[in-house]
Amino acid sequence: MAALEDELQATGRLQTERRLEDERQRGEEIQEALNEAWHVEQDAPYELLNIDPTTAAGVIALLTYATDFDDAMYGMGWPAT
């Protein structure tokens with residue numbers, strides 16, 4: 001157990017301030033990634049409006065996605081234009 005404690009001390013993991021700073025920084029990185037993912041998700045329907053399906057299956061897939069997306073956003077998610 002002492003070897004583990006020595007290693008943690010040597011790498012700074014037992015230092016509360018450093019650990020809290022590491023956790024804060026990681027939290028910010030996670031929040032930034034979540035924000036980026038949210039923007040990509042919000043832009044996806046607009047990108048799909050530029051697609052002209054060439055098959056009946058493509059039309060069905062697009063309409064299914066639009067319906068599912070709109071349902072997930074409680075009727076407020078699909079772009080009006």
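User: What share of the contacts in the chain with a separation of 6 or more comes from residues 24 or more positions apart?

Analyst: This is a predicted model, in which local features need pLDDT of at least 70, side-chain atom pairs count only at pLDDT 80 or more, and totals for chains, interfaces and linings use all residues. Residues are numbered from 1 along each chain as its sequence is written, and side-chain values use heavy atoms, with hydrogens and water left out. Contact means heavy atoms within 4.5 Å. For residues 24 or more positions apart, the share of contacts with a separation of 6 or more is 38%.

User: Which elements does the chain contain, and in what order do they run?

Analyst: Helices (H or I, at least four residues) and strands (E, at least two) are DSSP runs, numbered from the N terminus. The chain has three helices and zero strands. From the N terminus on, the order is α-α-α.

User: Which residues make the contact between H2 and H3?

Analyst: Helix H2 (residues 16-48) packs against H3 at about 145°, with the axes 11 Å apart; axes are lines fitted to C-alpha atoms, for helices over the stretch in contact, and angles run from 0 to 180 degrees between N-to-C directions. H2 contributes Glu 41, Ala 44, Pro 45 and Leu 48, and H3 contributes Leu 62, Tyr 65 and Phe 69.

User: Where does the aromatic pair lie, and is it stacked or edge-to-face?

Analyst: Rings of Phe, Tyr and Trp (its six-membered ring) pair if their centres lie within 6.5 Å; planes under 30 degrees apart count as stacked, over 60 as edge-to-face and the rest as tilted. The whole structure holds one aromatic pair. Tyr 65 and Phe 69 both lie in helix H3 (residues 56-72), four residues apart, about one turn of the helix. With 5.9 Å centre to centre and 25° between the planes, the pair of Tyr 65 and Phe 69 is stacked.

User: Is Phe 69 buried or exposed?

Analyst: Buried means under 20% relative accessible area, exposed over 50%, and partly exposed in between (1.4 Å probe, protein chains only). Tyr 65, at 32%, is therefore partly exposed. Phe 69 has a relative accessible area of 7%, so Phe 69 is buried.

User: What distance separates the end C-alpha atoms of H3?

Analyst: The expected span of a helix is 1.5 Å times one less than its number of residues. H3 has 17 residues, so its span should be 24 Å. The end C-alpha atoms agree with this, lying apart by 24 Å.
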